[in-house]
Amino acid sequence: MDKDLLSIQEARNLSEAAYKAQLIWGHAAQEDVDRVCSAMAEAAYLASERLAILAHEETGYGIPAHKKLKNELGSKIVWESIKDIPTVGVIRQDVQRKIIDIAWPMGVIAALTPSTNPTSTAMYKAISAVKARNAIVFAPHPSAVRCTFETCRLMQQAAEKAGAPHGLVGCMQHISLQGTQELMRHKYIRLILATGGSAMVKAAHSVGKPAYGVGPGNVPVYVDRSADLQKAARYIVASK
């Protein structure tokens, strides 16, 4: 079977399933949203070590122990940082200016994930999307398909057990450039979250839809002469 056609059809199927799920989820109450997101975060957190090893074995990148820490950050710690933020109904009122902010979901999100942090990126994108009552479909990096898919499968399973509709968190398994483009351009996709190489981020921003892009994070570090050099060195290495 043609790989590109298979990938394109999978992108369409997942987008349609996510759309149906989001039509339901978009009307969820705050307590339902928080219960589901908590379950997703807990499932991902408990699998942090296994998913870290899987990501290392599949991609060859990183150190499993470090990836475990990042998975814990992308699941439990991210959730703890956003769990009390309201995302349903009236979330803010400015009486003096007569402004009322009402939270409403975007719809279905397309998420592109990298080979360097495939599992942790999938965790925090899925939790953030579902917290705002969106559905999300992932297009993993070709060299990180298995570990990204397993991460998404775990979270979707936990979400369903907590009361979320089927298809709320989807992930492609047949990856091709044409399939990823089909996902981003699909009529049901309302927002793109792209994390990866510069070319991929540029492609996401060229689709003509709202997009958040994060490219390579290899930033320069300036160490002032007044710094504790040994401490600075430890922090710089740890922060990689």
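The largest cavity in this predicted model has a volume of about 40 Å³, and a search of the whole structure finds 1 cavity of 30 Å³ or more. Its lining is made up of Ala 55, Lys 67, Lys 70, Asn 71, Thr 116, Asn 117, Pro 118, Thr 119 and Ser 120. Helix 4 and helix 5 are the elements that give two or more residues to the lining of this cavity. Sorted by class, the lining of the largest cavity has 2 nonpolar, 5 polar and 2 charged residues.

The largest pocket, an open space, holds about 1,100 Å³. Around the largest pocket stand 31 lining residues, and those that lie nearest its centre are Lys 70, Thr 116, Asn 117, Ser 239 and Lys 240. Helix 4 provides the largest share of the pocket lining, with 7 residues. By class, the lining of the largest pocket divides into 14 nonpolar, 14 polar and 3 charged residues.

The packing of the helices can be described next. Two packed helices are described by the angle between their axes and the distance between the axes.

| Helix pair | Axes come within | Crossing angle |
|---|---|---|
| Helix 4 (residues 64-82) and helix 5 (residues 118-131) | 8 Å | roughly 10° |
| Helix 1 (residues 3-25) and helix 7 (residues 177-185) | 7 Å | roughly 25° |
| Helix 3 (residues 48-59) and helix 4 | 8 Å | roughly 125° |

Helix 4 and helix 5, whose axes cross at roughly 10°, are therefore roughly parallel to each other, and their crossing is right-handed. On the side of helix 4, the residues that meet helix 5 are Lys 67, Lys 70, Asn 71, Gly 74, Ser 75, Val 78, Trp 79 and Ile 82. Their partners in helix 5 are Pro 118, Thr 119, Ser 120, Met 123, Tyr 124, Ile 127, Ser 128 and Lys 131. The residues of this contact between helix 4 and helix 5 comprise 7 nonpolar, 6 polar and 3 charged.

How does helix 3 lie relative to helix 4, and what is the hand of their crossing? With the axes crossing at roughly 125°, helix 3 is oblique to helix 4, and the crossing is right-handed. Helix 3 contributes Ser 48, Glu 49, Leu 51, Ala 52, Ile 53, Ala 55 and His 56 to the contact, while helix 4 contributes Pro 64, Lys 67, Lys 68, Asn 71, Glu 72 and Ser 75. By class, this contact of helix 3 with helix 4 has 5 nonpolar, 4 polar and 4 charged residues. Among the residues of the contact are Ala 55, Lys 67 and Asn 71, and these are also included in the lining of the largest cavity.

Helix 1 and helix 7, with axes that cross at roughly 25°, are therefore roughly parallel to each other, and their crossing is right-handed. From helix 1 the contact takes in Asp 4, Ser 7, Ile 8, Ala 11, Arg 12 and Ser 15, and from helix 7 it takes in Gln 178, Gly 179, Thr 180, Glu 182 and Leu 183. The contact of helix 1 with helix 7 has 3 nonpolar, 5 polar and 3 charged residues by class.

Key
Residues are numbered from 1 along each chain as its sequence is written. This is a predicted model: local features need pLDDT of at least 70, side-chain atom pairs count only at pLDDT 80 or more; totals for chains, interfaces and linings use all residues. Side-chain values use heavy atoms; hydrogens and water are left out. Axes are lines fitted to C-alpha atoms, for helices over the stretch in contact, and angles run from 0 to 180 degrees between N-to-C directions. Helices (H or I, at least four residues) and strands (E, at least two) are DSSP runs, numbered from the N terminus. Angles under 35 degrees count as roughly parallel, over 145 as roughly antiparallel, 65 to 115 as roughly perpendicular and the rest as oblique. A crossing is left-handed if the near helix is turned anticlockwise from the far one by less than a right angle, and right-handed if clockwise. Contact means heavy atoms within 4.5 Å. Ala, Val, Leu, Ile, Met, Phe, Trp, Tyr, Cys and Pro count as nonpolar, Asp, Glu, Lys and Arg as charged, and the others, Gly among them, as polar. On a 1 Å grid over the protein atoms alone, a cavity is a set of points where a 1.4 Å probe fits but cannot get out, and a pocket is an open set with protein on both sides within 12 Å along at least five of seven lines; lining residues have an atom within 4 Å of a point. Grid points are joined across faces, edges and corners, and a volume is the space filled by probe spheres set on the points.
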